[in-house]
Amino acid sequence: MMRLELVKRPQRSALFSALSPFIAFALTIIAGAVMFALLGVNPLTAFRIYFIEPISQVWQLHELAIKAAPLILIAVGLSVCYKANIWNIGAEGQFILGGIVGSIIPVLFPQFEGPLVLPLMLLLGMLGGAAYAAIPALLKTRFGTNEILTSLMLVYVAQLFLDWLVRGPWRDPQGHGFPQTIQFNDSAVLPELMPDAGRANWGFVFALVAAVLVWILMSRMLKGFEVRVLGSSPRAGRFAGFGLNRMVFFAFLLSGALAGLAGISEVSGAIGQLQPVISPGYGFTAIIVAFLGRLNPLGIVAAGLVLALTYLGGEAVQSALGISDKVARVFQGMLLFFVLGCDTLIHYRIRLIGLALTKPEGAAKLEAAPKLKEAR
Amino acid sequence: MSANQDGTNLLEVRGLTKIFGTLTACDHIDLDIAKGEIHALLGENGAGKSTLVKMLFGSLEPNAGEIFWNGQVVKISSPGVAKKLGIGMVFQHFSLFEALTAAENIALSLDDGSPISSIAAKARALSFSYGLPLDPESLVGDLSVGERQRIEIIRCLLQTPQLIILDEPTSVLTPQEADKLFETLERLRSEGKSILYISHRLEEVKRICDRATVLRHGKVVGHCNPREETASSLARMMVGNEVQAVVRAPVEGIATAQSLLEIRNLSRKPATPFSIPLKAISLNVRAGEVIGIAGVAGNGQGEFFESVSGEVLQQDVASVRIRGKDAGGLTITGRRLLGAAFVPEERLGHGAAPRMKLSENLLLSRHATDGKAFVGSGGMVKSGAIQAASQRIIEAMDVRKSAPDPEAAALSGGNLQKFIVGRELDRRPSVMVVNQPTWGVDAGAAAHIRQALIELSRSGSAVLVISQDLDELFEISDAIAVMHNGELSKPLPIAEATFEKVGLLMGGAEPGHAEHTLETA
């Protein structure tokens, strides 16, 4: 009988830590080729349509930036949570609440125009996302609930709340019954960066600025040090006098605010009104972005662009080859799987253990006890 | 001993070598153990003792060399093989289930399907015949550390080994419990069993061992008869040069000195079923003195340290006072800002974050007290300043390291401890509380740390040292109090303290009673 065991490596390889996202990407490509072949499509053709064609023209790069912006914004916030060993899985809900709260002004006060509108909307969007993220933080610190479950469940609450809003109280009276709000007025629309070249809006700039600011926070500031200490050795963090409960709130509020900013940027920039669905799962895909970017804000910018491409590629293979655009989800899933797999193998090695092959009966079990002792 | 002259060596080791990466942990070790002898394996931490023993017990595979058992070459590929040959081992850290009885724990490791009642009966008989009384029906959680060790020894003896390996067996025992253990070992020797005794306590090696093999940096540096050596000559063999003796100047005017750390009626309920409640602990530490707290591990020292450091807050704010101010309600940061500094027992994961650089670990305990020096406007860390300060500590404490600013986990235990103690000393704290200052630290580094603690106190600070190492406490303390079962005895001035008195208190003699005998003495 054989048994697999993960054994912690004494030393992590710095080289493979850096290479891990690339290895994961390569493995995803290989697995993707198998998938396309099984679907009866020439993998090379599929890859050209999936990965190359969507970014071969300038306007397409703008589309990439539109898709990448929310992913990067959300993932940068999540990276702070995950570094602190706090598991916010509900960015999708915080994104939606940011979109809803930020839309209060253009939907309820459409006559209010001027240069103040947009900054107020963005601010409200951040507040909405942060407030929604404060719920799992409060539940965790007060009652010890598991933040993974509460933050995830709140996603569905947010989705249904948005659905109810746009079908009910916020529905456009002149909208022929379509479930959507009125179109935002011009001063409530996030401007495009280069209207002549493509649709990319200021959301992408927000994402880059957020990535740089969070990078400074995490690598240069005492607060970032606090995040890293509490995440990697909580007992040492307590010895340092850092409060775990305060950190739970800090991480949730920061990531919630960034997800909220992404939400309102998406609604006011790419969409221009509220609809029953405002996100193709950005909040969940951003989890992959965060890990693919090694939880490093600058790495996340690159990872965000890669994941944005999987969305565009999914649309492209659907129109060109008639393959379901769910293939994008498959690629995202494989990418996360391989990234986590690589990370696990960087920290652990696999050992095959044969039970009772050469030893007398009972010896194998006896052996387990001294091993425990050594591990101390 | 004469036994080894006539070819009756039980175990012979020739050229045993173990290499980890670039480190040769054991380098061509030769070792002979005769039948019926107690053989000491001496060496500092990191000398290769544990590695050698693990190879003898089959937990590690040697890279080169041979092991002869009764003159036959053997390959000890697993602890199971070692046990079959007749090698038993008692580990330094026990692996017992606290919620099970002693007999159940023994049954778990025997694993031969015999009923618990017969194991219990055998264990009871064996324990009495060797003078190690043990109730097999008692829950391990209720037993003292010394009693737990007896379970381990009996568990080992039940397998009728020829060679028993004991790894630092007395480090967790009171002096009286250690005496009992020595009697048992002598009894085993008289029955012809061999014992490999690992220790760095030179006095006990001189007392019970027939021969000694001394390791240094993975090599055998000598075989000797410890009875013919002095403690200092053995230490010289272990360390390679003379260990600087710690100098403790007498304190003057201590009676009138101000109390910088006052503990008043500190009580704490147990946080978990197996943690110790603190019962009305009171203690004053005055400027200029070192107070030692002795006690067998697990008698509330950890709970006490957490309460004093502020990792756990007190309801009664006056139960901990630092420099005359109530600190019971202050966090560890608040207490540090009053001038206190703390060194916990556990280095990795408590006193230092393992995966962080030394300079970052400096920031860990000093981000608030040295806020201006280390943290700039807007919360930016001044990396130049923390680098310079950690360099200063590294030089002051002679921390040896492989890279300019390595991760804490990359340092050896002793060097990391020097850094952690130095990190606090560098602040010149007025109150210093240290738990196990030299646990697992080699003799040279330990002397350095002890001297630094004494000097800190003589410069006007109050120093409180919690330690299981009685030699250490007698070396540095001006008074020694004993913690037993969550209670703290009154401090005995060092002039009146003896190993015997302290040992009695460690074993749980009534604190009041001991005090009384002191007064009449």
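**Entry 1**

I began with a bridge in chain B, where B:Arg321 has B:Asp326 in strand E15 as its bridge partner. I note that this is a predicted model, in which local features need pLDDT of at least 70 and side-chain atom pairs count only at pLDDT 80 or more, while totals for chains, interfaces and linings use all residues. Residues are numbered from 1 along each chain as its sequence is written, and chains are lettered from A and ligands numbered from 1 in the order in which they are written.

I then looked up the strands around this bridge. Strand E14 (residues 320-322) of chain B pairs with E15(B) in the antiparallel sense over 2 bridges. Strands and helices are DSSP runs numbered from the N terminus, a strand being E with at least two residues and a helix H or I with at least four. Two strands pair if DSSP finds at least two bridges between them.

I traced the sheet as an open one of 4 strands with antiparallel pairing, in the order E12-E11-E14-E15 of chain B. Strand E12 (278-286) and strand E15 (325-326) of chain B stand at its edges with a single partner strand each, so one side of each has no neighbour in the sheet.

**Entry 1. Strand E17 of chain B**

How many residues of strand E17 (residues 431-435) of chain B are buried? I found 5 of the 5 to be buried, so the strand is largely enclosed by the rest of the structure. I call a residue buried if 20 or more other C-beta atoms lie within 10 Å of its own, exposed if 12 or fewer do, and partly exposed in between, with C-beta atoms placed from the backbone.

I sorted the residues by direction: B:Val431, B:Val433 and B:Asn435 point one way from E17(B), and B:Met432 and B:Val434 point the other way.

I next checked the partners of the strand. Strand E16 (residues 340-343) of chain B runs parallel to E17(B) and is joined to it by 4 bridges; here B:Ala341 has B:Met432 as its bridge partner. Strand E18 (residues 462-466) of chain B is also parallel to E17(B), with 5 bridges between them, and B:Val433 stands opposite B:Leu464 of E18(B).

**Entry 2. Helix H8 of chain B**

I looked up the buried residues of helix H8 (residues 231-239) of chain B and found B:Leu234, B:Ala235 and B:Met238. Seen down the axis of H8(B), they fall within an arc of 100°, so they line one face of the helix. The arc is that of the directions from the helix axis to the C-beta atoms.

I noted what covers these residues: the cover includes strand E3 (38-42), helix H7 (202-208), strand E9 (211-216) and helix H15 of chain B. After H8(B) comes B:Gly240, with a positive phi near 100°.

**Entry 3. Domains of chain B**

I recorded three domains in chain B: domain 1 (3-239), domain 2 (254-339 + 429-520) and domain 3 (357-428). These bounds come from an automatic or database domain assignment.

What does the contact between domain 2 and domain 3 of chain B take from each side? I read 14 residues from domain 2 of chain B and 13 residues from domain 3 of chain B, where two residues are in contact if their C-beta atoms, placed from the backbone, lie within 7 Å. On the side of domain 2 of chain B, helix H10 (332-337) and helix H15 (443-458) of chain B are the elements that give two or more residues. The largest share of that side, 5 residues, comes from H15(B). The C-alpha centres of the two domains lie 26 Å apart.

I also looked at B:Gly413, which lies in helix H14 (residues 413-425) of chain B. B:Gly413 is partly exposed, because 16 other C-beta atoms lie within 10 Å. B:Gly413 and B:Val441 are 28 residues apart in sequence and 6.4 Å apart in space, C-alpha to C-alpha.

I counted 18 helices and 21 strands in chain B. Its radius of gyration is 24 Å, close to the 24 Å that the globule rule gives for 521 residues, so chain B is as compact as a globular protein of that length. The radius is taken over C-alpha atoms, and the rule is 2.2 Å times the number of residues to the power 0.38. Buried residues make up 50% of the 521 residues in chain B.

For chain A I noted 15 helices and 2 strands. Of its 376 residues, 46% count as buried, and its C-alpha atoms fill a box of roughly 85 × 55 × 40 Å, taken along the principal axes.
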